Amino acid sequence: MSYISELFGLEGKVAVVTGGSRGIGQTVSIGLAKAGAEVAILCRTQPDETLAQIEQAGGKAYHIAADVTDETAVERAFDEIFRRSGSIDIVFNNAGICIHKPTLEASVEEWRKVLDVNLNGVYHVCRAAGRIMVEHGIHGSIVNNASMSGSIVNVPQWQCSYNASKAGVLHLTRSLAVEWAQYGIRVNTISPGYTATEMSVDTPDELKNAWMPLIPMGRMGEPEELTGAVIYLASRASGYTTGANLIVDGGYVCR
């Protein structure tokens with residue numbers, strides 16, 4: 001085994017990815033599998049394309065159906081993954097939604113929907129994973145997908161609920177990192193900037209044209225450019241890293 005494989009390899013590990021049917025979740029699922037992990041993709045719909053790409057690459061993956069906003073369903077899903085795979089070593093908490101609306105035009109129901117998926121969903125998944133890791137003495141790694149929007153306010157689109165939810169993810173992560181360090185469980189976040197997924201690509205051109213001059217690197221990121229960050233935080237290479245937020249945004253928050 002090479003030094004790089006020893007540091008970053010995930011052979012023998014079991015990884016759970018939420019929202020792995022498309023976008024960042026799909027790309028990271030494939031990356032984790034290529035790094036050697038068996039990947040359980042937790043989402044509501046069958047992630048056929050993701051599973052096919054992992055199989056073609058010689059990896060192992062399967063689907064577990066669950067809605068991250070349903071605490072009971074998430075608990076059952078994690079119990080099933082543990083029974084099936086014998087461990088849960090890595091979690092990439094990726095499922096999320098965004099509603100672009102000025103606060104005075106958005107409904108309270110829309111606020112609750114975004115917070116329920118983006119913050120409550122992350123909490124449910126962390127709690128289910130943490131319970132199993134503590135009960136079975138697993139020194140696991142949980143990586144929560146936050147956003148640069150947890151640290152800055154995006155312009156010119158207004159997305160108060162999304163920004164608040166991602167700021168909550170950042171502090172939830174720090175809180176769990178401190179609380180669970182005694183069990184050998186590490187909890188970190190990545191914070192992507194504008195990334196070329198359906199969520200961003202389908203955004204009106206007038207918004208994207210406003211973003212580009214604000215990104216020092218002058219372009220949107222690609223989902224593949226987040227895979228290395230997740231693998232680093234999932235692997236032994238980051239063994240002394242917990243409560244950290246790895247920003248991958250082309251320099252946006254530096255301006």
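Which residues in helix 9 (residues 224–234) are buried? The legends below take up this question and two other sites in a predicted model.

**View A. Buried residues of helix 9 and the elements they pack against.** In helix 9 (residues 224–234), the buried residues are L226, T227, A229, V230, I231, L233 and A234.

**View B. The contact of helix 5 with helix 6.** Helix 5 spans residues 108–135 and helix 6 spans residues 160–180. Their axes come within 8 Å and cross at roughly 15 degrees. Angles under 35 degrees count as roughly parallel, and helix 5 and helix 6 are therefore roughly parallel to each other. Their crossing is right-handed. On the helix 5 side, the residues in contact are W111, V114, L115, N118, L119, V122, Y123, C126, R127 and G130. On the helix 6 side, they are C160, S161, Y162, A164, S165, K166, G168, V169, L172, L176 and W180. By type, the residues of this contact divide into 14 nonpolar, five polar and two charged.

View C. The side chain of T18 reaches the backbone nitrogen of N94 at 2.8 Å. Leaving aside residues up to four places away in sequence, T18 touches L42, V68, F92, N93, N94, A95 and V125.

How values were computed:
Residues numbered from 1 in each chain as written. Predicted model: local features only at pLDDT ≥ 70, side-chain atom pairs only at ≥ 80, totals over all residues. Heavy atoms only, no water. Axes fitted to C-alpha atoms, helices over the stretch in contact; angles between N-to-C directions. Helix = DSSP H or I, 4+ residues; strand = E, 2+ residues; numbered from the N terminus. Parallel < 35°, antiparallel > 145°, perpendicular 65-115°, else oblique. Left-handed = near helix turned anticlockwise from the far one by under 90°. Contact = heavy atoms within 4.5 Å. Nonpolar A, V, L, I, M, F, W, Y, C, P; charged D, E, K, R; others polar. Polar contact = N/O pair within 3.5 Å; in protein donor to acceptor, adjacent residues only side chain to side chain. Buried < 20%, exposed > 50% of the residue type's maximum accessible area, 1.4 Å probe, protein only.
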